[in-house]
Amino acid sequence: MPRFGFLHDDSILFVTAQSLAQSGEYRIASLPEQPYETKYPPLYPKYLSLAWKWEPNFPASLRLLIWMNWIFLPVWLALSFNLYRRHGFSQPMSWILIGVMALNPTLVLFSVSALTEVLFTCGLLVLFRAMEKDGARIAFAAGLIAGLLCLCRTAGAALLLSAPIYYAWKGSRRNAVLFLVGILPFLVGWTAWAHLHRITTADPELTFYTDYLGFQFLNVGWHNILPVISTNFRELLAGIGSLAIPRLSESLFLKVATALAAVAMVGGVWRLAKRGQFRHYALFGSVSVAILLVWHFPPNERFVLPLYPLLLAGLFSELDRFWQLLSTARRSKERETLLDRK
C-alpha cells in the first residue's frame, strides 16, 4: 500500500483499529494524551482491528489490510449488477456498466485503501434491495442495516431523512416509523458515547481530530455560507464528472468535459427517478449532496463515490437517450431525402 497515509483518514482509522486490538479502547494513540476517537464511528476500525490481531507488526499488517478492503470490490460489482437488472437494464448493458465500473481508477484506488467508501456502498446496495420489499419486519430490518451503516460512516446519517421520505412516498407511514425504530438506537447510542468521551478543547487541531460538528461550526457560518456553497458546488460537479472522466490535469478542456459529464449523470438520474427507477438511491443522493454543499471540505471524487452506481446508470441512460435522438433525426432525414427524390 504505497499510498497508505496519503489521504490522512486511512492512517487515523488504522491507528484507532490498533488501539481497539491492543487495549480494547477506542483512542487515537498517535495524538498527545491519546484522546478517545469521537469523530469517526467505530464499526470500520473494529473490522480493521482484526488485521492487527492477526499481524501485530507494522507495516507487515498492511498485507492483510489490503485484502480485507479489496474483498468488497467484487461484492460491490455483484450487488451493482443485481441493482441494474432489478431496475430494467438489459443483461448486456448491465455487464457493460460493471465492466466500466471495475476499470474505474478511483474505485480501484479506494478498494485497496483503508477507507470506508467501498464497504459503505456495499451496505447501501443491500439496504436499497431490502427497502424494495414490503413488510413491517423488513422495514425494521432495513433500519437496523441503516444503523450499522451509520456506525461505519457518518454519511449514513442521510438515511435518517431519505428512508422515511421514501416509505411515506410509497404510502407506508408504519414502515417509516419502524425504520426509525431500527436506526435511532445506533445513532443515539454513538452520539451519546461520543458526547460523553469527547475532550473539551479550544484547540482547532484537536477539534479537527475529535469533533465533526465542532470543526464544521469553526469553519462555516452565516458569514461565509454563500462562498462555501459556491466553492463546493464547483467541486461537486468536478467530483461527479471525474468519476466518468478522470482528472489527469487541470486544463480548461478537462474541466469543461467533467462538468458536462456531471450534468449528464445528474440529468440521467433525474429521468430515471421520474420513471420510478432508483428512487430511494436518488433520494439518498439528494440529501447527501445537500449536506456536501455546506460542508467544510470541498466534495471531491471520494465524497461522491458511494453514489457511483447510481450516477453511472444516469450517464448511460442519457447516452442511450442521446443516441436514440440521433437515430430518430437520421431516419427523419432519410425519409425526407426519399420524398424529395420521388
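**Entry 1: Thr 16 and helix H1**

I looked up Thr 16 and found this residue in helix H1. The model I am reading is a predicted one. Is Thr 16 buried or exposed? I noted a relative accessibility of 0%, so Thr 16 counts as buried. I then listed its contacts, leaving out residues up to four places away in sequence: Thr 16 touches Tyr 26, Arg 27, Ile 28, Glu 37 and Pro 45. The side chain of Thr 16 also reaches the backbone oxygen of Leu 13, at 2.8 Å.

Ser 11 is placed in helix H1 as well, which covers residues 9–22. I recorded 25% relative accessibility for Ser 11, which means that it counts as partly exposed. A polar atom of the Ser 11 side chain lies 2.6 Å from the backbone oxygen of His 8. With residues up to four places away in sequence set aside, Ser 11 touches Phe 4 and Gly 5. I also checked Ser 11 against Arg 321: the two are 310 residues apart in sequence, and their C-alpha atoms are 44 Å apart in space.

**Entry 2: salt bridges**

Side chains of opposite charge can pair when their charged atoms come close. I searched the whole structure for such pairs and found twelve salt bridges.

I examined Glu 25, which forms a salt bridge with Arg 27; the closest N and O atoms are 2.9 Å apart. Glu 25 has a relative accessible area of 33% and is therefore partly exposed.

I next turned to Glu 235 and Arg 247, whose side chains meet in a salt bridge at 3.1 Å, N to O. This pair links distant parts of the chain, with Glu 235 in helix H13 (residues 225–241) and Arg 247 in the loop between H13 and H14, twelve residues apart. Glu 235 is partly exposed because its relative accessible area is 21%, and Arg 247 is partly exposed at 28%.

The side chains of Glu 318 and Arg 321 meet in a salt bridge at 3.9 Å, N to O. Both residues lie in helix H17 (residues 308–341), three residues apart, which is about one turn of the helix. I compared their accessibility: Glu 318 counts as buried at 14%, whereas Arg 321 counts as partly exposed at 35%.

Which residues are linked in a network of salt bridges? I noted Asp 9, Glu 117, Arg 153 and Arg 302.

**Entry 3: the nonpolar core**

I looked up the largest nonpolar core, which has 85 residues. Phe 14, Trp 76, Tyr 84, Leu 159, Phe 179 and Phe 278 touch the most other members. Helix H7 (residues 117–131) gives the largest share of this core, eight residues.

**Entry 4: a nonpolar patch on the surface**

I found a nonpolar patch on the surface formed by Phe 140, Leu 144, Val 177 and Val 181, with about 310 Å² of accessible area together. Helix H8 (136–152) and helix H10 (173–197) are the elements that give two or more residues to this patch. Leu 144 lies in helix H8, and it counts as partly exposed because its relative accessibility is 32%.

**Entry 5: Ala 273**

Apart from neighbours within four places in sequence, Ala 273 is in contact with Arg 279 and Ala 282. Ala 273 and Leu 283 are ten residues apart along the chain, and 9.0 Å separates their C-alpha atoms.

Technical notes: Residues numbered from 1 in each chain as written. Predicted model: local features only at pLDDT ≥ 70, side-chain atom pairs only at ≥ 80, totals over all residues. Heavy atoms only, no water. Core = buried A, V, L, I, M, F, W, Y, C linked by side-chain atoms within 4.5 Å. Buried < 20%, exposed > 50% of the residue type's maximum accessible area, 1.4 Å probe, protein only. Helix = DSSP H or I, 4+ residues; strand = E, 2+ residues; numbered from the N terminus. Patch = residues over 30% accessible without salt bridge, like charges linked within 9 Å, V, L, I, M, F, W, Y side chains within 5 Å. Areas by Shrake-Rupley, 256 points an atom, 1.4 Å probe, with all protein chains shown as cover. Salt bridge = Lys/Arg side-chain N within 4 Å of Asp/Glu carboxyl O. Contact = heavy atoms within 4.5 Å. Polar contact = N/O pair within 3.5 Å; in protein donor to acceptor, adjacent residues only side chain to side chain.
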